[in-house]
Amino acid sequence: MFKIEELTLFNNNGKSKTYKFFENTFIFGPNNIGKTVFTKTLDYVLGSSKEKLNHEGLDNITSVELAISSNDKICLWVKRSTDGTFAYRRSKNSEYSITDLEGYKSEINAILLDDVCSEHYIDVYKNGF
């Protein structure tokens, strides 16, 4: 099973802010504190949204990095920049590999689906729908 370990936002001043996720992480609070922006940022870094990060409060963000683990070991870092760059790496010390949107999504899906199901179940799902 996969787990999101941490989300890091990088701004145009060279600073970053990392949010760590735990076994049970909840995003809650009063209105207008950033819950929706936070979830839209997750959507963005996972490749679902093709739009730029243009939400209030994210105007100075230049890129977003997400660390994903599988079997309790971080095995994929994905990074999406507001300039349209998609990148991934397999270890904390390795260089990022630049890719296109489809390659980016493919790297993420390989981790997300690795422990969830076999190709047989994916084929059953595809044929059923």
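1. β5 and β6 pair in the antiparallel sense, over 3 bridges. Ala87 stands opposite Ile98 in β6. Two strands count as paired if DSSP finds at least two bridges between them. Strands are DSSP runs of E with at least two residues, numbered from the N terminus.

2. A note on the basis. This is a predicted model: local features need pLDDT of at least 70, side-chain atom pairs count only at pLDDT 80 or more, and totals for chains, interfaces and linings use all residues. Residues are numbered from 1 along each chain as its sequence is written, and side-chain values use heavy atoms, with hydrogens and water left out.

3. Strand β5 covers residues 86-89. Phe86 and Tyr88 point one way from β5, Ala87 and Arg89 the other. In a regular strand the side chains alternate between the two faces of the sheet. All four of these β5 residues are buried, meaning under 20% relative accessible area with a 1.4 Å probe, protein chains only.

4. On to β4, residues 73-81. β4 runs antiparallel to β5, and 4 bridges join them. Trp77 has Arg89 in β5 as its bridge partner. The hairpin of β4 and β5 has 4 residues between the strands. There, Gly84 takes a positive phi near 95 degrees.

5. Last, β1, residues 2-11. β1 and β2 run antiparallel, joined by 5 bridges. Leu9 stands opposite Lys17 in β2.

Conventions:
Buried < 20%, exposed > 50% of the residue type's maximum accessible area, 1.4 Å probe, protein only.
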